[in-house]
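Trainee: I'd like to learn how to read a structure like this one. Can we go through it together?

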Amino acid sequence: MRGRGDRLAALVAERELEMTLVTELVNVSYLTGFGGTNGACLCGGETRVFFTDFRYTERAEAEVEGWEVVTVTDDWLGGIAERFSGTVGFEDDHVSVRLLGRLEEKLHDGATLKPAGGAVEQLRRVKDGEELAAIAAAAELTDEVWRWSIERGLAGRTERGVAAAAEARIRELGAEPSFPAIVAGGPNGALPHAEPGGRMIAEGELVVFDMGAKLDGYCSDGTRTFASGEPGEHAREVYETVREAQAAALWAVGPGVEGEAVDTAAREVIEAAGHGDRFGHGLGHGVGLEVHEGPRLSQRSEDTLAPGEVVTVEPGIYLPGDLGVRIEDLVVVTAEGHRNLSGLPKTLEIVA
């Protein structure tokens with residue numbers, strides 16, 4: 001973890017700061033390896049200080065390497081602020097106005113605060129080999145749970161029942177769901193973030209099945225759309241349009257490519273089929289310690305892809321009152337293009 005602190009210190013110097021305070025727990029964990037619920041760290045120059053309270057002193061000493069571990073016994077913000085020197089960055093994208101005001105009250109002479117959010121998230125975008133292995137393992141586990149789920153059939157089961165069984169299976173395999181599973185049949189599939197309910201899945205309809213696993217701290221995310229019996233020509237045409245759009249987007253993924261351009265590759269296929277207004281979300285997002293992080297693939301994205309980043313590619317068409325289709329893969333950007341971590345086939349599978 002020491003290397004991550006060094007990389008952050010380099011960013012801190014580029015931003016003309018003496019140090020930066022990291023309080024968002026996901027970012028603290030990324031930098032230090034700490035897995036508790038109260039911690040912060042101060043980084044810049046040669047400074048590497050990790051703060052926690054009495055409850056976590058022993059745990060921090062076991063988990064945190066390469067950082068000075070400080071137990072704050074009384075005044076949490078005061079104990080942190082007394083280590084400030086010069087211009088100190090803070091995560092303005094995570095710190096509330098109230099907390100900032102309280103922190104400013106603790107400043108001593110010679111210390112000032114400056115907004116500096118997004119620095120750790122910038123580092124987190126590019127994964128190292130261990131991180132990529134963990135994400136790949138989570139994706140493989142998700143594929144296994146899909147296979148297990150469809151072996152048990154879809155028609156005649158409730159959406160909630162299918163989703164709950166899949167989440168239970170993820171836990172049986174030693175992981176946690178990275179988000180609540182989405183199982184949406186027939187017209188419910190037209191709701192991009194549908195919540196599984198008591199609706200019974202009928203024969204011959206499309207079923208959007210979106211889920212992921214969190215394994216060893218890292219997430220996966222993927223979607224497949226199955227058919228609970230022959231869905232008919234109309235449904236097949238919509239499905240094939242989405243499959244073609246996803247293939248076009250996958251072909252576009254590579255280093256140096258703008259996130260907007262990848263989104264456009266899929267969107268043009270869907271627009272040409274007359275469904276442009278029914279693809280209302282961005283194409284994809286980064287995945288790592290969190291299931292939604294940078295970079296983004298959308299028409300509003302200002303990101304450029306780089307090797308080591310992990311993104312979803314998930315176009316969809318949503319026809320209200322009728323059906324929905326979404327196909328989502330999880331891919332790693334490589335120097336040559338990309339590597340797909342999602343192994344399930346994408347031809348429309350009829351589930352008995």
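This is a predicted model: local features need pLDDT of at least 70, side-chain atom pairs count only at pLDDT 80 or more; totals for chains, interfaces and linings use all residues.

Trainee: Which residues lie nearest the centre of the second largest pocket?

Mentor: Those are S29, D216, G217, Y218 and L289, out of 19 lining residues. Helix 2 (25-32), helix 7 and strand 11 (218-219) are the elements that each give two or more residues to this lining. The volume of the second largest pocket is about 330 Å³.

Trainee: And what volume does the largest pocket have?

Mentor: About 610 Å³. It has 34 lining residues, and H193, H281, H285, H292 and E314 are the closest to its centre. Two or more lining residues come from each of helix 8, helix 10, strand 13 (284-286) and strand 14.

Trainee: Which element gives the most to the lining of the largest pocket?

Mentor: Helix 8 does, with four residues. Sorted by class, the lining of the largest pocket holds 13 nonpolar, nine polar and 12 charged residues.

Trainee: What about cavities? How many of 30 Å³ or more does a search of the whole structure find?

Mentor: Three. A cavity differs from a pocket in that a probe fits inside but cannot get out. The largest cavity here has a volume of about 50 Å³. Its lining is made up of A139, T142, D143, W146, S220, D221, G222, L330 and S342. Helix 7 gives the most to that lining, with four residues. By class, the lining of the largest cavity has three nonpolar, four polar and two charged residues.

Trainee: Now helices. Why does the distance between the end C-alpha atoms of helix 10 agree with its number of residues?

Mentor: Count 1.5 Å a residue: the 14 residues of helix 10 (residues 259-272) should then span 20 Å, and the end C-alpha atoms are 20 Å apart, so the two agree.

Trainee: Which residues of helix 10 are buried?

Mentor: First, the general idea: an α-helix has 3.6 residues a turn, so residues three or four places apart point the same way. In helix 10, the buried ones are G259, V262, D263, A265, A266, R267 and I270. Their cover includes helix 9 (233-252), strand 14 (293-297) and strand 16 (316-319). After helix 10 comes G274, with a positive phi near 90°.

Trainee: For the whole protein, what share of the contacts with a separation of 6 or more comes from residues 24 or more positions apart?

Mentor: That share is 67%. The protein has 10 helices and 19 strands, and 53% of its 352 residues count as buried.

Trainee: Last one: why does the radius of gyration agree with a compact globule?

Mentor: Because a compact globule of 352 residues would have a value near 20 Å, and the protein has 23 Å, which agrees. Along the principal axes, its C-alpha atoms fill a box of roughly 70 × 40 × 35 Å.

Key: Residues are numbered from 1 along each chain as its sequence is written. Side-chain values use heavy atoms; hydrogens and water are left out. The expected span of a helix is 1.5 Å times one less than its number of residues. Buried means under 20% relative accessible area, exposed over 50%, partly exposed in between (1.4 Å probe, protein chains only). Contact means heavy atoms within 4.5 Å. On a 1 Å grid over the protein atoms alone, a cavity is a set of points where a 1.4 Å probe fits but cannot get out, and a pocket is an open set with protein on both sides within 12 Å along at least five of seven lines; lining residues have an atom within 4 Å of a point. Grid points are joined across faces, edges and corners, and a volume is the space filled by probe spheres set on the points. Ala, Val, Leu, Ile, Met, Phe, Trp, Tyr, Cys and Pro count as nonpolar, Asp, Glu, Lys and Arg as charged, and the others, Gly among them, as polar. The radius of gyration is taken over C-alpha atoms; the globule rule is 2.2 Å times the number of residues to the power 0.38.
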